[in-house]
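The following paragraphs lead through a predicted model. They begin with single residues, go on to one chain, and end at a contact between chains.

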Amino acid sequence: MNPTLLSPEGLSGLVFLGLVAVTICGAVIATAAKRLIRCLTGLVACFMGVAGLYYYLGSPFVAMMQLLIYVGAIAIVIAFGIMLAEPDEAKLVKKKSGLSGVLSLIAGSAVAWGLAVAALRADWMSPAVKLNDGSVRDVGMSLLTTYSMVFELVSVVLLVAILGSLALARTGRDKE
Amino acid sequence: MLFAPELVLLLGSLLLFFLSLGESDGKGARNVTILLGLAGFVLSIITLFQEGSLFMGAYRIDLFSQLFKVLIAVGMTCVVIFDGEMKGISARMRPEYYLFLTLSCMGLMLLVSSVELITMFVALELSSYSLYLMVPMRDDTGGIRFQMEAAIKYILFGIIATGAMLYGMSYLFGLTGSTHLEVVVPKIIELSASSPAAILGIALFMFGFFYKLAVFPFHFWVPDVYEGAANSTTAFIASVPKLGAVAILIRLVVMVGPTGGDALVNLLIVLALCSMFYGNLSALVQTDVKRMLGFSGISHAGYVLLGLLTLKDSGFATSIYYIAGYLVMNLACFLVICKVSKNGENVSIDDLSGLHQRAPLLALTLGVGMFALAGIPPFVGFMGKFMLLTGAYKAGHLTLVILAALNTAIAIYYYLSVVRIAFCNDPDERPSVSVDPMTKLVSVFLMVVIIAMGVAPAKVLELATTAVRSIL
């Protein structure tokens, strides 16, 4: 039988649906808004919703990282970018003609439908196989044992990203 | 010792980093990079027949991975040598340019050895980020900044492909509960006959590497990036990362097992045909040599898929043989482009007029490279295409073989018209081209390899087959 709305399962389902709604609304705003800064706020809402989903799934650490990195750093960098670039308010994003909208809707829903059908029909690993409790301790343990290679490699990737942005920014604004 | 080739490149990139801190014209960095390439080559050869597992099973050394590392090191060394005067690379960024080139090669070497999904992803990103950064480092001579446009397109398409790849990985992880290939592969082979999610996961995972290999419909970046990046950068992007892509595609195709996966085979057939037709027909009308080679690269990606879709170890071995051949043929053509271009500008097909008088060795290299790409005996391109087509025929794909053969005929036209212009047109006022001794050595080496692999393919093929069997 279905759990009632006020039972623990019902309430937790309500929270889940709320988080999904926040994520989807944020994504829609991010793609549909005409002003860049409004797109950004939509994006932030979307990130927050995803962070909530992580928390809901029992990974508080990942949720924190999501907030810290995506909302706290990436969204702020985009905001800086928008302010520095001074987007031309007169040139707001124009709506494309009706046909391309319809076609992209058809293509997008076909992909979403295919992925959803495959996902619903698949035999996923049973949720009982819980790898760990998602705490910082477990994340740290696996980063230094099973995923030690990745842990070391990520530092090289970050080095490349930092050096690259420095090298490009140094000469990127030469006007002579 | 097992980790030696990667370790040398890692330490070398540290050295390059220190070189990039001071004032430098890049000559020192270039010499260091050549030495690193040679050291990587020698160490990969030494470790060729060794086996081992490192980093908690996330990293495997076997013949398969070491074979690809040898090829990557060859590609890296050749590109750095024939770009002798560093034409077209912004003067202030040369040491950094070589740093990123080395790190990109290291990323690819790590990629071909990774047997764990997240390690694969991070290694791929290491190599991709470095490539993204090399594109905008072109000298901005015309002031139109179209290298920036190329770089942005490259990054954006790359991100989309990466997103699809991660989504596919999440399916594989969800179905198997592990990220280690040794656990994932047997479970997915079991599931792939019944579960559409498994096939979908593999297909989405492949998208990331189709993008690297420039398979239709992940080719949109190719013409603009080839045109916008400096000649030597394009030479690198066009040849070396494709090795890594083929290595991982083979590891992924294995997952559907020898019999299951009709859906995946059909997908590969469609993509192979689209790539061949699109690439060849678009290449017919190009006037810029780099753009033409870009479109031809799309069609060659289609040919490589012919070997994968047989789902047999002989087919995978032919794919390795073909991509190794493609590396040397492509490098031979780009060597000529880099040398003919005087200040690093793009080369149109007309600029090659009368090359046989201006630089006989380059004209010969161009001839051998183009003939090989067109698939004319006795060069490696012919043997590769021949074996791919017979392999696909034996696997029962008759229509596909006929259409692919048709494409070979289309391709001959545009490759040979380049050769015709180089040998039959008058040079008019165009100056002669000087070639330094190191480059001469490389061009002779490339020609010898192209002909040797075409005349005596058995040894290489045998090695590739043993390598493929070692991962099955």
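Ala85(A) is exposed: its relative accessible area is 60%, and the cut-off for exposed is over 50%. In chain A, Ala85(A) belongs to helix H3, which covers residues 60-85. Pro8(A) lies 77 residues from Ala85(A) along the chain, and the C-alpha atoms of the two residues are separated by 49 Å.

Thr77(B) sits in helix H3 of chain B, residues 63-82. What does Thr77(B) contact, leaving aside its neighbours within four places in sequence? The residues in contact with Thr77(B) are Ile34(B), Gly37(B) and Leu38(B).

The next step is chain A as a whole. Chain A has 6 helices and 0 strands, and its pattern along the sequence reads α-α-α-α-α-α. Of the 176 residues in chain A, 21% are buried. The accessible surface of chain A is about 12,600 Å², and carbon and sulfur atoms account for 73% of that surface. Contacts within chain A can also be sorted by separation in sequence. Taking those between residues at least 6 apart, 50% join residues at least 24 apart.

What remains is the interface of chain A and chain B. How many residues does each chain bring to the contact? Chain A contributes 28 residues and chain B contributes 41 residues. Between the two chains an area of about 3,000 Å² is buried, with 78% of it given by carbon and sulfur atoms. Across this interface the rule finds 0 salt bridges. Polar contacts are found there for 2 residue pairs, both at pLDDT 80 or more.

On the side of chain A that touches chain B, helix H4 (98-121) and helix H6 (148-172) each supply at least two residues. The largest share of that side comes from H6(A), with 15 residues. By residue class, the side of chain A that touches chain B holds 18 nonpolar, 7 polar and 3 charged residues.

Taken together, the interface has 0 salt bridges by the rule, 2 residue pairs in polar contact, and a buried area to which carbon and sulfur atoms give 78%.

Notes:
Residues are numbered from 1 along each chain as its sequence is written. Chains are lettered from A and ligands numbered from 1 in the order in which they are written. This is a predicted model: local features need pLDDT of at least 70, side-chain atom pairs count only at pLDDT 80 or more; totals for chains, interfaces and linings use all residues. Side-chain values use heavy atoms; hydrogens and water are left out. Contact means heavy atoms within 4.5 Å. Buried area is the accessible area (1.4 Å probe) that two parts lose on being put together, summed over both. A salt bridge is a side-chain nitrogen of Lys or Arg within 4 Å of a carboxyl oxygen of Asp or Glu. A polar contact is a pair of N or O atoms within 3.5 Å; within protein, one must be able to donate a hydrogen and the other to accept it, and residues adjacent in sequence count only if both atoms are side-chain atoms. Helices (H or I, at least four residues) and strands (E, at least two) are DSSP runs, numbered from the N terminus. Ala, Val, Leu, Ile, Met, Phe, Trp, Tyr, Cys and Pro count as nonpolar, Asp, Glu, Lys and Arg as charged, and the others, Gly among them, as polar. Buried means under 20% relative accessible area, exposed over 50%, partly exposed in between (1.4 Å probe, protein chains only). Accessible areas come from the Shrake-Rupley method with a 1.4 Å probe; for residues, only the protein chains shown count as cover.
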